[in-house]
Each structure stands twice: as C-alpha cells, then as structure tokens.
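Here's a quick briefing to read alongside the model. Have the viewer open, then work through the points by topic.

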Amino acid sequence: MQLSEVSAQQKLACPACGGEAQWHPTKKALICAYCGTESPYEVKDSGEIVEHDLVAALQAIPQSARGWQDQKRAVKCQHCQAISVFSGAHQAKACDFCGSSSLVPFEETGDIIRPESLLPFAVDAPGAREKVRQWYGSRFWAPNNLNRKALTDTLKGVYLPYWTFDAEVGAGYTAEGGERYKNHKGETQIRWFPVSGHVQNFFDDTLVCGSKGVHPHLVQAVEPFPTTSEALKPYDPGYLSGWTVERYQLDLVAAAERGRARMVDAIRQLCARDIRADTHRNLRVDPTFQRQTFKHVLLPIWLVGYRYGTRDYQVVVNGSTGQVAGEYPKSWVKITLAIIAALIVLFIVMSLEGH
C-alpha cells in the first residue's frame with residue numbers, strides 16, 4: 001500500500017504582522033486573527049482520494065505512511081484524554097474539548113497513520129454560533145440562565161479523526177418464520193416453519209470516529225458527513241492553518257473491528273427484512289466480506305464545551321451540514337413546577353369525575 005506523502009513544513013504566517021493565519025472556510029483564504037490581513041494561498045484542490053486495501057494495510061503499513069511529516073505540537077488533556085495536535089506557533093492554554101487546563105505534552109511515536117484527505121469547513125464561526133444559540137433557545141427544560149452560563153464564545157473549530165470502511169458483504173441466513181392465524185376459539189397463534197436465504201449489500205463509507213475528545217453519542221448524532229471523492233479534498237496544510245486537529249486514539253485495527261460490527265448489524269437487519277413471514281425467531285447469519293477498503297480522513301466540527309454546576313457538557317455542530325446535537329442541564333425548578341401542575345390537573349379531573 002502506498003499512501004501519498006504529505007509535506008507541511010511551510011509556516012503559514014501573516015505577511016503583515018507575522019502572526020499565525022487561519023483558513024477561512026467561506027472566504028477560502030488565510031485570515032490573520034491578530035490584524036485581519038487576508039493572505040493569498042492556493043490550496044491543493046486536485047488529486048485522487050484513494051481507498052486502501054484493508055487486509056493489506058492490517059498486514060503491513062509502510063513507515064513512509066506514518067507520522068505527520070509536519071512541524072506539529074501535541075498535548076494530551078489529563079481530564080478528557082483528548083490528544084490535540086496543532087502548529088508549533090499555537091499555544092494551548094485550555095483543552096478545546098472540555099476546557100480543562102490540565103494539559104501535558106504528548107510525545108508522538110511516529111506510528112500515527114497520516115490522513116490523506118479532509119472535508120473543509122462549510123459552516124463559518126458566526127453561522128455555527130447562531131445555530132448553537134437557536135439550539136439553546138429550543139431547550140424548554142434548560143435553566144433560563146443557560147445562555148449566560150454556556151457562552152458561545154467558547155466555540156472551537158476542530159478536525160476530528162475518522163476512518164471510513166467499504167466492503168461487499170454477502171450473508172446466508174437461516175431462521176424460523178412465523179405466520180399468525182386464529183384458532184377455533186378466536187385466539188391468535190403462530191405457525192412456525194423453517195426459512196433460509198441470502199442477501200448481498202455494498203457498504204460505502206461506514207464511518208468510525210477515532211476521537212476521545214467528543215462524547216460518542218454527540219458525534220453519531222451529527223453524522224453523516226459527505227465523504228465522497230467529490231466532497232473530500234486532498235490534504236493541504238492551508239486547510240488546517242489555525243485549526244486544532246485531534247489525533248486518533250482508535251487505531252486502524254480497533255476501528256476496522258468496529259466498522260465490521262456495524263456492517264454485521266446492518267446485514268442482519270437486511271436478512272430479517274428478507275424473511276417473508278409475519279414474524280421470525282432464531283435468526284442465524286453467516287456474513288462474508290470482500291473488497292474491503294478504508295480511508296483515514298479529517299472531518300470538521302464546531303464544539304462548545306462548558307461546565308454547569310459540577311458537570312461538563314458539550315454541544316457539537318457538523319462543520320459541513322450544520323447539524324446540531326448537544327447536552328444541557330435540566331432545570332429542577334421547571335421540572336418541579338411541571339409536576340405540581342400535572343398533579344393539580346389530575347386532582348381537578350378526579351374531582352369532576354367524583355361529582
């Protein structure tokens with residue numbers, strides 16, 4: 001397997017003040033966060049997005065496909081265990097994922113598989129903030145002061161590590177099908193009979209997130225991301241300038257197992273739907289996998305992490321589609337008032353029925 005070489009040694013600095021320039025997704029240009037200077041930069045917009053053979057990769061991944069090959073710094077959060085990677089000029093004072101200041105340097109071993117492609121941000125920071133504010137406003141059970149306690153000023157743009165898996169999956173199955181009928185007493189009973197069959201399905205870009213910084217249920221709630229070859233861009237340092245990248249902590253072996261398990265669950269559901277009966281039981285599925293390939297990609301999210309009371313909460317915005325998912329504290333005052341109101345209504349109804 002040959003993965004493309006990535007070179008990002010150039011320092012993407014502002015030509016006016018020397019500060020680190022950040023890639024602006026809507027203007028498609030580098031903008032200095034300090035003086036606002038817009039710098040021309042041509043990102044690499046051509047090149048083939050390669051699907052790599054999974055079996056060959058698991059047997060041997062060449063050293064040339066490992067490491068960032070870039071001047072990067074990495075820190076690990078001792079609170080949420082996320083590993084953040086950014087350019088050497090960037091100084092992290094707090095974790096982008098949980099807000100903790102308990103950051104320690106993380107020494108790369110060089111074994112990391114480089115991403116070859118990424119999905120650029122399509123939603124900019126003002127748009128993401130507005131979506132988060134609307135999401136907050138729609139949470140009826142949230143405390144009234146949540147907007148003040150969980151400020152969108154903590155919004156961070158982060159590239160998450162993802163693995164995508166393709167496979168042609170065929171599965172033979174056996175089960176007992178059941179047909180419902182009425183007996184002479186009018187009772188519903190089931191007549192069981194043996195069934196068998198075969199289903200075939202091609203799974204394209206089954207997503208497995210390698211992040212530890214974002215809560216898994218939130219990541220899944222904002223999926224899917226467009227990961228076609230038309231949507232993805234070959235890796236270019238310009239896209240990541242000024243942004244934080246999370247290093248994957250779910251390696252290729254573990255990710256492949258998780259992706260395979262998701263495919264098995266899906267093919268099992270297809271087998272169940274293939275059974276021509278009112279119901280079924282004792283379903284046994286024997287899947288086989290062919291044409292297994294994978295990609296390692298970086299996908300964009302906007303993240304708000306905040307602490308309310310003694311708990312940490314996150315709100316996630318898909319940086320491509322704008323889909324929002326999040327966590328929020330519940331107001332015990334509102335819940336208590338709702339219970340009291342429900343009890344009053346119940347008491348009135350029972351009193352009316354009594355009369």
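This is a predicted model: local features need pLDDT of at least 70, side-chain atom pairs count only at pLDDT 80 or more; totals for chains, interfaces and linings use all residues.

Residues are numbered from 1 along each chain as its sequence is written, and side-chain values use heavy atoms, with hydrogens and water left out.

**Overall make-up**

- The protein chain has 7 helices and 15 strands; these are DSSP runs numbered from the N terminus, with helices (H or I) of at least four residues and strands (E) of at least two.
- Out of 355 residues, 44% count as buried, where buried means under 20% relative accessible area, exposed means over 50% and partly exposed is in between (1.4 Å probe, protein chains only).
- Take the contacts (heavy atoms within 4.5 Å) between residues at least 6 apart in sequence: 75% of them join residues at least 24 apart.
- The chain exposes about 18800 Å², with carbon and sulfur atoms supplying 51% of it; the areas come from the Shrake-Rupley method with a 1.4 Å probe, and for residues only the protein chains shown count as cover.

**Salt bridges**

- Side chains of opposite charge can pair when their charged atoms come close.
- The count here is 4 salt bridges, each being a side-chain nitrogen of Lys or Arg within 4 Å of a carboxyl oxygen of Asp or Glu.
- One of them joins glutamate 130 and arginine 133, at 3.7 Å from N to O. The two are 3 residues apart in helix H2, so about one helical turn separates them. Glutamate 130 is partly exposed at 38% relative accessibility, and arginine 133 is partly exposed at 40%.
- Another pairs glutamate 176 with arginine 281, the closest N and O atoms being 3.2 Å apart. Because glutamate 176 lies in strand E9 (residues 156–182) and arginine 281 in strand E13 (residues 279–308), the bridge ties together parts that are 105 residues apart in sequence. Glutamate 176 is partly exposed with a relative accessible area of 25%, as is arginine 281 with 34%.
- Lysine 295 and aspartate 205 form a salt bridge too, with their closest N and O atoms 2.8 Å apart. Lysine 295 is buried at 3% relative accessibility, and aspartate 205 is buried at 13%.

**Aromatic rings**

- A pair of aromatic rings is described by the distance of the centres and the angle of the planes.
- There are 12 aromatic pairs; rings of Phe, Tyr and Trp (its six-membered ring) pair if their centres lie within 6.5 Å, with planes under 30 degrees apart called stacked, over 60 edge-to-face and the rest tilted.
- Phenylalanine 121 and tryptophan 243 are stacked, because their ring centres are 4.3 Å apart and their planes at 15°. Phenylalanine 121 is in the loop between E8 and helix H2 (125–137), while tryptophan 243 is in the loop between helix H5 (237–240) and strand E12 (244–246), 122 residues apart. Both residues are buried.
- Tryptophan 135 and tyrosine 328 go edge-to-face, at 5.8 Å centre to centre and 80° between the planes. Tryptophan 135 sits in helix H2 and tyrosine 328 in the loop between strand E15 (324–326) and H7, 193 residues apart. Tryptophan 135 is buried at 9%, and tyrosine 328 is buried at 15%.
- Those two also belong to one aromatic cluster, made of Trp135, Tyr136, Tyr306, Tyr313 and Tyr328.
- The charged end of arginine 191 sits over the ring of tyrosine 181, 4.3 Å from its centre; the rule is NZ of Lys or CZ of Arg within 6 Å of the ring centre and within 35 degrees of the ring normal. Arginine 247 likewise lies over the face of tyrosine 248, at 5.4 Å from the ring centre.

**Serine 117**

- Serine 117 is in strand E8 (residues 117–118) and is buried, with a relative accessible area of 2%.
- Beyond its neighbours within four places in sequence, serine 117 has contacts including Ile49, Leu232, Pro234, Tyr235 and His296.
- Serine 117 and lysine 295 are 178 residues apart in sequence and 8.4 Å apart in space, C-alpha to C-alpha.

**Surface patch**

- Val333, Leu337, Ile340, Ile344, Phe347, Ile348 and Leu352 make a nonpolar surface patch of about 730 Å². Patch residues have over 30% relative accessible area and no salt bridge, with like charges joined within 9 Å and nonpolar side chains (Val, Leu, Ile, Met, Phe, Trp, Tyr) within 5 Å.
- Leucine 337 is found in helix H7 (residues 332–354) and counts as exposed at 54% relative accessibility.
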